[in-house]
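Colleague: I am new to this structure and would like to understand the terms used for it. Could you take me through them with care?

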Amino acid sequence: MIALARCIRIAAPQDELFRYVADYRNALRFIQYLTDFQPESAEPYGLGSRFAWEANVRGFPLRANFEVTEFDPPNTMAARTVNGPESTCRWTFEPCPEGTLVSLETTLVLPRLPLVRLIGRAFFERENRRNNGGLAPRPTRLRRARRGCSLAPPTVYDSSRFFAMRRPLREDDHSRS
Amino acid sequence: MLAVDRQRERGAAALRSVLLQPRIDACEVLLFDFGRDRFPPLPGSEHPAVRDIPMRVGWTIGTLRAYAIALARAPIVAFLEEHSRAEPGWLDAILAAFNSDVDGVGGVPSLANPESAIAQLAFLINFRPYLGIDRPVERTVLPGFNSAYRRSVLLGLSSTVLESETTLDAAILRAGGRLVLDPAMRWLHTNETSIFEVIQGLFVWARTTGSVMAAAYGWPFPRRLLRIARTLFTPVVRLAKLLWVVRRSPEQRSLVLRQAVLFLLAEYAQAVGIAIGLLLGPGDAPRRYLDFDLNARRGW
């Protein structure tokens with residue numbers, strides 16, 4: 001199993017961020033590589049709600065269904081896949097002096113074949129480093145300095161940047177709901 | 001900031017040592033509990049100064065530190081490992097040190113398990129540069145994972161830089177900050193008691209450090225190769241330096257001579273880790289290191 005955790009500080013209230021992340025209509029805005037995200041249960045919000053998603057990761061199409069397994073507004077939300085690649089994700093929202101600290105813990109169970117595991121692990125780690133575990137943009141991308149460490153840029157993002165950090169919603173995204 | 005996992009008794013001892021500090025009521029203890037889904041709350045976590053935060057999986061030292069720094073509400077953030085214990089006066093020394101214009105303060109460690117020869121050796125490998133200090137002195141590197149920093153300085157650092165004291169302290173110095181080693185800030189450190197644990201810990205730490213150094217300093221490939229070449233000689237040089245340092249202490253000299261082979265073995269594990277980190281990147285070493293740091297037996 002691969003497990004990754006990342007966090008990002010966002011200058012926005014905790015409950016506002018929780019509502020934003022918990023609203024499936026926003027998923028395409030902030031989850032990297034998603035191409036489609038649809039509710040499958042009658043209630044598309046809260047514990048037990050189910051969704052189907054499709055993604056394209058560097059040319060590899062992925063498809064899975066997942067279920068929300070933990071829902072504690074405005075603190076925590078977790079989900080696990082019910083088919084497709086076995087994985088979990090858990091969002092937590094904690095108030096911090098600059099706004100809210102959002103963290104995302106993800107796990108992924110790779111196929112048993114050693115070569116596939118090796119490649120899959122390297123690929124997953126690389127992609128996660130590049131997009132900050134799904135919380136892109138990387139909060140503190142390192143500046144490459146010729147000599148020594150440079151201080152990285154501040155890690156606080158205002159809410160408008162977080163909300164708009166993925167491609168804008170397509171016109172038909174809302175109509176699907 | 002204190003993180004605990006399966007070593008509950010040891011973690012509780014570390015927390016108790018912090019809560020016994022006289023001015024603890026003016027502070028907030030961030031307790032990151034990775035074992036919360038398997039164990040009851042850590043004894044002492046009910047103290048009003050403690051903010052108990054359940055954690056799950058996937059964290060590294062760097063991302064956990066970034067998380068702790070962001071959550072912290074105080075202007076100073078002190079790190080303490082769960083296998084360390086703050087000695088009386090530890091907190092007072094930190095608060096006093098930050099009355100001047102320092103950005104980081106490290107203390108002088110003592111060995112918590114001197115009954116183990118391997119622990120003594122590991123202690124010398126890890127903490128030799130910080131021993132024998134009798135007054136505050138400026139340093140370029142502070143004791144790893146058990147020092148205190150200004151939150152405002154740490155906030156500007158990435159989780160990659162925070163993975164290792166080597167890059168963390170270098171980043172602070174490059175920004176014009178000051179780091180001080182203060183003997184009044186005393187703490188105990190429990191070291192590994194088997195050579196396997198020593199090697200395992202040094203290897204994953206070194207691979208992490210090698211990779212973050214390459215990333216943080218922007219080293220091109222030839223520069224990395226040069227660093228690897230230097231690393232090959234480091235163990236022998238360090239052994240010679242150590243023998244020079246302990247030449248006046250027959251007891252320590254005897255220990256180093258008796259354990260010279262194990263010392264070289266551990267140092268070469270570290271050198272190999274650095275080389276792999278520089279060439280291949282971190283892999284899953286940062287996560288394995290956090291797991292090792294929180295759960296290695298260390299004789300408990």
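Modeller: Let me begin with two strands of chain B, E1(B) and E2(B), which run parallel and are joined by 3 bridges. This is a predicted model, in which local features need pLDDT of at least 70 and side-chain atom pairs count only at pLDDT 80 or more, while totals for chains, interfaces and linings use all residues. Residues are numbered from 1 along each chain as its sequence is written, and chains are lettered from A and ligands numbered from 1 in the order in which they are written.

Colleague: What makes E1(B) and E2(B) a pair?

Modeller: Two strands pair if DSSP finds at least two bridges between them, and E1(B) and E2(B) have 3 bridges, so they meet that rule. B:Ala3, for example, has B:Phe32 in E2(B) as its bridge partner. Strands here are DSSP runs (E, at least two residues), as helices are (H or I, at least four residues), and both are numbered from the N terminus.

Colleague: Why do E1 and E3 of chain B count as the edges of the sheet?

Modeller: The open sheet has 3 strands in the order E1-E2-E3 (chain B), with parallel pairing. Strand E1 (2-4) and E3 each have a single partner strand, so one side of each is left without a neighbour in the sheet.

Colleague: Why is B:Arg38 called exposed?

Modeller: A residue is exposed if 12 or fewer other C-beta atoms, placed from the backbone, lie within 10 Å of its own, buried if 20 or more do, and partly exposed in between. B:Arg38 has 9 C-beta neighbours inside 10 Å and therefore counts as exposed. B:Arg38 lies in the loop between strand E2 (29-33) and strand E3 (50-54) of chain B.

Colleague: Why is H9(B) described as roughly antiparallel to H11(B)?

Modeller: Helix H9 (residues 221-245) and helix H11 (residues 260-280) of chain B pack at an angle of about 170°, with their axes 9 Å apart. Angles over 145 degrees count as roughly antiparallel (under 35 as roughly parallel, 65 to 115 as roughly perpendicular, the rest as oblique), so H9(B) is roughly antiparallel to H11(B). The axes are lines fitted to C-alpha atoms over the stretch in contact, and angles run from 0 to 180 degrees between N-to-C directions.

Colleague: What is in the largest nonpolar core?

Modeller: That core has 105 residues, and B:Leu2, B:Leu31, B:Ala68, B:Val77 and B:Ile94 have the most contacts inside it. Helix H8 (residues 195-217) of chain B gives the most to this core, with 13 residues. A nonpolar core is a set of buried Ala, Val, Leu, Ile, Met, Phe, Trp, Tyr and Cys residues joined through C-beta atoms within 7 Å.
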